[in-house]
Every structure is written in C-alpha cells, then in structure tokens.
Amino acid sequence: MASVSWLLLALGANPVAAPAAAQAPADPKVAVATVLDDWHRAAAVANEARYFAFFTPDAVFMGTDGEERWTVDQFRAWAKPYFTKGKAWSFKSVSRNVFFSKDGQVAWFDEALDTPNLGPARGSGVLVKDAAGWKIAQYNLSVPIPNDLMGEVTNRIATYSKAKAATPPAPASKPAAKP
C-alpha cells in the first residue's frame, strides 16, 4: 500500500503533460497555426487517427482534381491505403494568413505549401472552435498555375475532358461460369 501512495504522490508532483489541444496557445492565430501544423505532421508520419481527428464530423476536403469534393468519410476511405502503407503526404506551410469572425469562433486561412509531390501548392480553409479546440470544417488544396501558362493548361484540361467523355466505361466483369 505504501508503494501505491508513493506512486500517487510522485504523479501529483510530476503531472503528465496534457495533450496539445488542452494546452492551446492564448493567441488564437498561434492556436490555429498549431492545429494546422500538427495536422500536416500527422499526414507526414501517416498517423491516420490523429489526422482525421482534426476534422469536424461534417467537414469537406476538396482536392486538386475538380471531382475531388469529399466528406470526411469519403476522404478517409480514399486516403486509407496511403496511411496503411505508412506513406501519406508531406505538406509544409511556408506562409499562412489567418482571419477570425467577430465572435472568434470561426477562422479562415490560406497557406502556401511546400510539397515534394505537387511542388508549390496552396491550401485554404475554415476552422471552427468547439469545446475541444479548433477543428477543420473545410480544406481546399490547389496547385497555383502561373497566368502565363493558363491558356495551355485550360486547353489540356479541355482535351482531357473531351477524351474522357468519349471513352466508354469499362464493361462489367462477367460472372463466373457455373460448373
């Protein structure tokens, strides 16, 4: 019994550090930046649970492809193979602007990203504050295209879209023959 008392005394004297969300910085811009940076780190180390815990239940993720508008569940299903392999993606914010609603409960941001696979990219989104801290309600990932290249890019997209529309869907696989 004495050893249990000493253990409790030792724990009381040396409290375990609280999770990062519980130690949110007082400056709201720093708090939002901390959430976004940790979210990016969670992807870089393929920590699926931590990565998706940053989203609100009704969050939306918009990817670089025009057809990529996903709910959290859809995005998680798409991303699962990457997290399972231990190789998700690595985005590092090189600059970020953060703004707040008058009541301080909603934040929106834009950030320039350094990415090994996309090159320079941009993220923007909305966070909402709840009792647990800041959560991502929307994230929009994009790849900025220089204006001088826009004509070439839009022509390539039009050609691609036209070819895709003209390609018939793959036939359904035939059922196995009965013995």
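Which residues make a nonpolar surface patch of about 220 Å²?

## Basis

This is a predicted model, in which local features need pLDDT of at least 70, side-chain atom pairs count only at pLDDT 80 or more, and totals for chains, interfaces and linings use all residues. Residues are numbered from 1 along each chain as its sequence is written, and side-chain values use heavy atoms, with hydrogens and water left out.

## Surface patch

The patch is made by I145, L149 and M150. I145 sits in the loop between β6 (133-142) and α5 (150-166). Its relative accessibility is 34%, so I145 counts as partly exposed (buried is under 20% relative accessible area, exposed over 50%, partly exposed in between; 1.4 Å probe, protein chains only).

## E111

E111 belongs to strand β4 (residues 106-115) and is buried, at 1% relative accessible area. Its side chain makes polar contacts (N or O atoms within 3.5 Å, one able to donate a hydrogen and the other to accept it) with the side chains of H40, at 2.9 Å, and R96, at 2.7 Å.

Leaving out residues up to four places away in sequence, E111 touches (heavy atoms within 4.5 Å) several residues, including S93, A121 and Y139.

## Nonpolar core

The largest nonpolar core has 31 residues, of which W39, Y51, F55, F61 and L127 touch the most other members. Such a core is a set of buried Ala, Val, Leu, Ile, Met, Phe, Trp, Tyr and Cys residues joined through side-chain atoms within 4.5 Å. α2 gives the most to this core, seven residues.

Beyond its neighbours within four places in sequence, F61 contacts W39, Y51 and F55, among others.

Conventions. Patches are made of residues with over 30% relative accessible area and no salt bridge: like charges are joined within 9 Å, nonpolar side chains (Val, Leu, Ile, Met, Phe, Trp, Tyr) within 5 Å. Accessible areas come from the Shrake-Rupley method with a 1.4 Å probe; for residues, only the protein chains shown count as cover. A salt bridge is a side-chain nitrogen of Lys or Arg within 4 Å of a carboxyl oxygen of Asp or Glu. Helices (H or I, at least four residues) and strands (E, at least two) are DSSP runs, numbered from the N terminus.
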